[in-house]
Amino acid sequence: MEIKIRPYHAEDTQAILDIINYNILNSTALYDYNVRSYEQQKTILEDKINKGFPVIVAELDGVVSGFGMYSEFRFREAYKYTVEHSVYVNNDFHGKGIGKLLLLELIELAKKQGLHTMIGVIDAENQSSITFHEKFGFKTTGIIKESGFKFDRWLHSVFVQLILK
């Protein structure tokens, strides 16, 4: 079992789309209601890359099993040293250390880019993601109650933050 972390390539788009759409339909990891098209997802990924932000992919024995990325936290100039990140692992590959490798790589890339702060926004029901982030030094800095509505219930957004050293 070999996990390889590498930059995104256009041919990874379908595997990433499958992961995203699974989460849209089956979880509160994304507060979207509607699945994305291939073109929508490709545009999102290319937009991040064109702005100088990384999109990385995890391969397990040659199969795309997860991905991670970060981009602007907010669009005001003073936020230019702060990014919001995302890490997703294919549901069939949880528990293999893929998320850990992706997040570690994102942290290193952010440091190399001279960034100061990484933010994650996690649904409060996803305690495993909150705990996962805490293992890497992220701290919960705030909760916005009833900030999302999905699956016929109100959802709370937990903000976690890592100050990069």
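Me: What makes D61 count as exposed?

Reply: This is a predicted model, and in it D61 has a relative accessibility of 52%. Since exposed means over 50%, D61 counts as exposed. D61 is found in the loop between β2 and β3, and its phi is positive, at about 50°, although D61 is not a glycine.

Me: Why is E146 called partly exposed?

Reply: The relative accessibility of E146 is 47%, and the partly exposed class lies between the limit for buried, under 20%, and the limit for exposed, over 50%; E146 therefore counts as partly exposed. E146 sits in strand β6 and has a positive phi of about 50° without being a glycine.

Me: How do you know that S71 is buried, and what does S71 contact?

Reply: Buried means under 20% relative accessible area, and S71 comes out at 9%, so S71 counts as buried. S71 belongs to strand β3, which covers residues 63-72. Apart from neighbours within four places in sequence, S71 is in contact with K48, F53, V83 and E84.

Me: What makes the pairing of S71 with K48 a polar contact?

Reply: The side chains of S71 and K48 are joined at 3.1 Å, and a polar contact asks for N or O atoms within 3.5 Å, one able to donate a hydrogen and the other to accept it. The pair is therefore classed as a polar contact, with a value of 3.1 Å against a limit of 3.5 Å.

Me: Why is α1 described as roughly perpendicular to α2?

Reply: Helix α1, residues 13-26, and helix α2, residues 38-50, pack at an angle of about 105°, and their axes are 10 Å apart. Angles of 65 to 115 degrees count as roughly perpendicular, which makes α1 roughly perpendicular to α2.

Me: Which residues form this contact, and how do they divide by type?

Reply: From α1 come T13, Q14, I16, L17 and I20, which meet Y38, Q41, K42 and L45 of α2. The residues of this contact divide into five nonpolar, three polar and one charged.

Me: Why does Q41 count as buried, and which residues does Q41 touch?

Reply: Q41, in helix α2, has a relative accessible area of 0%, and with buried set at under 20% the residue is therefore buried. Not counting residues up to four places away in sequence, Q41 touches T13, I16, L17, I20 and R36.

Me: How do you know that the length of α1 is close to the expected one?

Reply: Helix α1 has 14 residues and reaches 20 Å from its first C-alpha to its last, which is close to the 20 Å expected at 1.5 Å a residue. The buried residues of α1 are T13, I16, L17, I19, I20, N21, N23 and I24. What covers them includes α2, β2, β3, β4 and β6.

How values were computed: Residues numbered from 1 in each chain as written. Predicted model: local features only at pLDDT ≥ 70, side-chain atom pairs only at ≥ 80, totals over all residues. Heavy atoms only, no water. Helix = DSSP H or I, 4+ residues; strand = E, 2+ residues; numbered from the N terminus. Buried < 20%, exposed > 50% of the residue type's maximum accessible area, 1.4 Å probe, protein only. Contact = heavy atoms within 4.5 Å. Axes fitted to C-alpha atoms, helices over the stretch in contact; angles between N-to-C directions. Parallel < 35°, antiparallel > 145°, perpendicular 65-115°, else oblique. Nonpolar A, V, L, I, M, F, W, Y, C, P; charged D, E, K, R; others polar. Expected span 1.5 Å × (residues − 1).
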